[in-house]
Structures are given as structure tokens and as C-alpha cells.
Amino acid sequence: MPRTTPALSTLLPPLICGTATFNDQYNPDPYALPTTSIVHEALSLGVRAFDTSPYYGPAEDLLGAALDTSFVHQNFPRRDYFLLTKVGRISGDEFDYSESWVRHSVQRSLERLHTSYLDVVYCHDVEFVSLEEVLTAVKELRRIRDETGRIKYVGISGYPVTTLCDLSEMILRETGEPLDIVMSYANFTLQNTRLASVALSRLEAAGVDVVPNASVLGMGLLRRKGVPIGARGDFHPSPQGLRAAIQAASDWSNAQDIIDNRIEKAAIRWALENWMREGVAVGSKGDPASGIPWIREKIEMYGGTKLGVSVMGVSSVEELQETMRVWRSILDGLEDGEKTALDAGRSVDDRTWSLQRQEQVGTLAEGIRKTLGEWVDYAWLSPAPGFVNKRSAPAIPAPLPTPAASPDQAPKPALVNGIPELRPRVPI
């Protein structure tokens, strides 16, 4: 079968706002986060894509509540932003890729996100199930796409890049249609660049259209204060040796006479900037959130150049604003960056500063990777040895936890007999 048209790479924005942080893995109380303010500010700053998952606790509900507001309805038509979500992963040790669960999960996401269609649906964390299960789920997602139009593009996501490559090749071979999108996480960072060195050429050869790079801090590993500890405790799969090496690299970085020398500052900019270039072949041409007013019908004006796609998650409006400052500075440093800066109301000095910062971050990155030594390009096992999928049959998911109310007053799901109440269903 031919690829869906138009190709996703002609439309998808190269910067996606991730919502894995709207979850108790990364934060003690996701309802206490200003999620509505984050989403509204993201849209106001030009972000036009949001990535989420049912596995991310209340993330879909929180994102849906933020989008189902008069501010969004009056200023941002649904056709002008992208929603990406996932199916298959239910909990840490439960996965269901059956046709019935895929249908249930897609329907639930449509309702939670208050939308009549989903731009992208991934099979979530594909390494935890068999090749046959992934193929079944992909075929069902494509059936929903073809028969109902409630899904536009279909892909897979996961951690081991060789597994992503194997599956992409298998799906092309078995169905004659390549995947629209394959999302990798924590595999193009200051610590690990296997997405580029091992997977990129294989994914491109398998016909994959877009490859977003997610979790540029390695699920919070590349931070001065260490991995995030949410309500679930220490969930991070990295071994202690790697954590110790990251701490040593962080100490080295802090000692350098360079502005903004914290390891996370260098790691974010390095990954965004380098994947923007190295991921061009599997990048996209959508609205780059450069600050220039963008018109979909005239994409060639300001969004006509492919850029490698990145997913960035934040937990506050301030983190979002800092991410956007870094992102736009990177754009200013590209080959046509001076024009971008001027057209967006910035100045030639902004491009000069961008190039200087690029050099500073390059120096920090070189020293950090040297300090990491043998841990460079280390990838932890996923799944861990002895993993067993505890899911035996489809079932209604358990209710989400309901901590203190969000400062944005995002609604929590109503419960009926202990089960989250769903809105009226639309058959898929």
C-alpha cells in the first residue's frame, strides 16, 4: 500500500511539546502543575504539536482540558495543531496490543482529548511485546485510519533502536507500507547517540517518514541534581555506574568558566541543535515556532526546510519559555538564521550570540563526553531481564489517582462504580 498523503513530513512541526511530565513518574502531583497555562503559553509561542499517552497517568485528561477552553477554541482551530498519542502500554508491566484494546484505547483518547481525530497514534514501547503483536496493532490502527478517518498517521515508539529498526523493516516487508513515524527516546543525547550512529540509516531505508527524538535529557538523567523522583519513587532504569559518571560529568561542567554551564543546559541545546541537523532526512517541514507568523497554505515561505524533529517536556511555564528561547536561538544559528531572526523581530546580534553559544556548548559537550568515558553510547536493557507481561485479557483500566486540585482547575475524571466515566462514544 502507498504511504498516507500528504506525507507527515510536509506538515508536522519540528518541535513537539511532550506531556510525559504531566505524570506522577516525573512529578509528585501532576494535578498541581499549571498544565493549562503551559499548553496555552505553548500555543501562544507558536508550538503546534502535543505528544501524550494513556500511560502517562492523567496526561491525556489534563491536555484535553487545556485544549477544551474558550482561549483555544477562539484562537487555535483544531486543524492548526497536531495531537500525537499512543496505544498498547497500560502500566509498567501490562501491555495489550489486541485489536479490541487498540479500538478501546483510541476511542478513549478521542474522548479525553476532546477531538474528532488524532493526527498520530503510536504503538507504545514496542520492545515489550512480540513482533506479531506489534503487526496486529499497526494493522488495526491503519484499519481505523482507512475506514473512519479518526487516525491520520500510524507509527511505533520505544527505547532500543535496533528493535525499532527491526520492526520498521518487518512492517514494510509484511504490509508493503512503511511506517509514517517512529519515535525514539533517550537515544540522541549528550550521553547516547545511537539513534544517529546505529538506527538512522536503517529507518530511512525502511521508508520511515519522520523520526522524532524525545527525552533529550535521557528521562531526566542528564541533570545536576540527578534523576527525577516522582510519586512512584525512583523509576529510572539507569545503573548506578552510569549515574555516577553523569554526576562526575556534571561536576566537571560546573567547574568550567562558561555561562550557563550546568549539564542540563548544555545537554538540551546540544541535542536539539544537533538533531535538528542530523535528523533532516527523517525530519519535517511544519511550523518551526520561529516567531514568524506562519500560514499553512504557504508552507514554503517559512516552513519549507526540513528540520530534525524533537520532543520536549516541561513542568512549568518558566521551563517552557526557556526551552523556546533556546529553540529560537538555535534557529537563528542556522544557515538562513539571520533572515529568520530579522523576520521574527529579533536582530543580527541574536544570530551572533547563537553562533557563540553553539561554540560554548560544543566545548562543554566534548568535555562531558570525555568524562563519561566508557558510558558514552551505553544503553540500558529494555525490557529488563525476566520481564513478564501481566496482561492476560482486555479490561477496563483502573481509575486514575486524584491528588490535590491543579492550580488551573483541570477536571479530574468522574468515577462511576470506581471506573472513569467516558463521554458519549463515537464508533471506530
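**Salt bridges in a predicted model**

Q: Why is Asp 24 called buried in this predicted model?
A: Asp 24 has a relative accessibility of 16%, and buried means under 20%, so Asp 24 counts as buried.

Q: What makes Arg 232 and Asp 24 a salt bridge?
A: The closest N and O atoms of Arg 232 and Asp 24 are 2.6 Å apart, and because the cut-off is within 4 Å, the pair forms a salt bridge.

Q: Where in the chain do Arg 232 and Asp 24 lie?
A: Arg 232 lies in the loop between β9 (213-214) and α8 (240-254), and Asp 24 in the loop between β1 (15-18) and α1 (35-44), so that the pair links distant parts of the chain, 208 residues apart.

Q: What makes Asp 166 and Arg 202 a salt bridge, and why does the pair tie together separate parts of the sequence?
A: Their closest N and O atoms are 2.7 Å apart, which meets the cut-off of within 4 Å; Asp 166 lies in helix α6 and Arg 202 in helix α7 (residues 194-205), so the pair ties together parts that are 36 residues apart in sequence.

Methods
Residues numbered from 1 in each chain as written. Predicted model: local features only at pLDDT ≥ 70, side-chain atom pairs only at ≥ 80, totals over all residues. Heavy atoms only, no water. Salt bridge = Lys/Arg side-chain N within 4 Å of Asp/Glu carboxyl O. Helix = DSSP H or I, 4+ residues; strand = E, 2+ residues; numbered from the N terminus. Buried < 20%, exposed > 50% of the residue type's maximum accessible area, 1.4 Å probe, protein only.
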